[in-house]
Amino acid sequence: MAGYRVPRRTALLRFEGSDYDGAEIRCKLDVPTQLFFDIWAAQSQSKGDDPAVIIDVNRLWVEKALIEWNLEDEDGTPVPATIEGLLAQPPAFVSFLLSEWLKAVSEPPANFTPPSLNGDTLAAARTEGETS
C-alpha cells in the first residue's frame, strides 16, 4: 500500500461584520487533535479555573497554529504574532479569535462529500460504476 500524507490546510480568518472587522489572522487549520481538544477545553472552562493552564494553551496555539496577523497597537505599531502579542489583546478579542479558529478547524474541507445516508459503503460506491 502506498503512503499518504494528509494535506495541511491554512486559513485567513476575517471578522467582517463583527466588532473586529478588519482584523485578519492567518493560521493553520490542520493541527494535532490534542491541541484542538486542549484549546476547546480551555475555551469551555469556568472562571474559577487556573489561568496558567489557559495561558499555556494559548501559548501552544501561537506556537502551533498562528502564522501571522495584521494587528496593531493604539499607536499603529504592528503587534508581533507572539504569545506576548496575544496576551496584550483584550480578553474578549482573544476568546472570539479562538472560538472562530475552533469553528474553522472543525469544519470539513470544501470538497468534503458527506457519508451516504442509505447505508452504502465506500466499497459499494466504488463498485457501482465498474463493469465486469
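## A contact at Gln 89

A polar atom of the side chain of Gln 89 lies 3.1 Å from the backbone oxygen of Gly 85. Gln 89 sits in the loop between α3 and α4, the latter spanning 91–106. Is Gln 89 buried or exposed? Gln 89 counts as buried, because its relative accessibility is 16% and the cut-off for buried is under 20%.

The model described here is predicted.

## Overall layout

How many helices and strands does the protein chain have? The secondary structure consists of five helices and three strands. Going along the sequence, these elements follow the pattern β-β-α-α-β-α-α-α.

The protein chain has 132 residues, and 25% of them count as buried. Several residues described below are partly exposed, a class that lies between buried, under 20%, and exposed, over 50%.

## Salt bridges

Side chains of opposite charge can pair when their charged atoms come close. In this model the count of salt bridges comes to four. Three of these pairs are described here, beginning with the one that involves Arg 9.

The side chains of Arg 9 and Asp 30 form a salt bridge, with an N to O distance of 3.1 Å. This pair links distant parts of the chain: Arg 9 is in the segment before β1 (10–14), while Asp 30 is in the loop between β2 (24–28) and α1 (33–44), 21 residues apart. Arg 9 counts as partly exposed, because its relative accessibility is 24%.

## Pairs between strands

Which residue forms a salt bridge with Arg 14? The partner is Glu 24, and the closest N and O atoms of the pair are 3.1 Å apart. Because Arg 14 lies in strand β1 and Glu 24 in strand β2, the pair ties together parts that are 10 residues apart in sequence. Both residues fall in the middle class of accessibility: Arg 14 is partly exposed at 48%, and Glu 24 is partly exposed at 29%.

Another salt bridge joins the side chains of Arg 26 and Glu 68, at 3.2 Å from N to O. Arg 26 belongs to strand β2 and Glu 68 to strand β3, so this pair ties together parts that are 42 residues apart in sequence. Arg 26 has a relative accessible area of 29% and is partly exposed. Glu 68, at 42% relative accessibility, also counts as partly exposed.

Phe 37 is partly exposed, because its relative accessibility is 45%. Ile 39 is buried, because its relative accessibility is 1%.

Ile 39 and Leu 102 are 63 residues apart along the chain, with 8.0 Å between their C-alpha atoms.

## Other pairs distant in sequence

Lys 64 lies in helix α2, which covers residues 51–64. Its relative accessible area is 44%, so Lys 64 is partly exposed. From C-alpha to C-alpha, Lys 64 and Leu 35 are 8.3 Å apart in space, and they are 29 residues apart in sequence.

Asn 70 is in the loop between β3 and α3. With 36% relative accessibility, Asn 70 counts as partly exposed. The C-alpha atoms of Asn 70 and Ile 25 are separated by 6.9 Å, although the two residues are 45 residues apart along the chain.

## A negative surface patch

Which residues form the negative surface patch? The patch is made up of Glu 72, Asp 73, Glu 74 and Asp 75. One of these residues, Asp 75, is located in the loop between β3 (66–69) and α3 (83–87).

Asp 75 is exposed, because its relative accessible area is 70% and the cut-off for exposed is over 50%. Asn 70, described above, is also in the loop between β3 and α3.

Note on methods
Residues are numbered from 1 along each chain as its sequence is written. This is a predicted model: local features need pLDDT of at least 70, side-chain atom pairs count only at pLDDT 80 or more; totals for chains, interfaces and linings use all residues. Side-chain values use heavy atoms; hydrogens and water are left out. Patches are made of residues with over 30% relative accessible area and no salt bridge: like charges are joined within 9 Å, nonpolar side chains (Val, Leu, Ile, Met, Phe, Trp, Tyr) within 5 Å. Accessible areas come from the Shrake-Rupley method with a 1.4 Å probe; for residues, only the protein chains shown count as cover. Lys and Arg count as positive and Asp and Glu as negative; His and the chain ends are not counted. The place of a charge is taken as NZ of Lys, CZ of Arg, CG of Asp or CD of Glu. Helices (H or I, at least four residues) and strands (E, at least two) are DSSP runs, numbered from the N terminus. Buried means under 20% relative accessible area, exposed over 50%, partly exposed in between (1.4 Å probe, protein chains only). A polar contact is a pair of N or O atoms within 3.5 Å; within protein, one must be able to donate a hydrogen and the other to accept it, and residues adjacent in sequence count only if both atoms are side-chain atoms.
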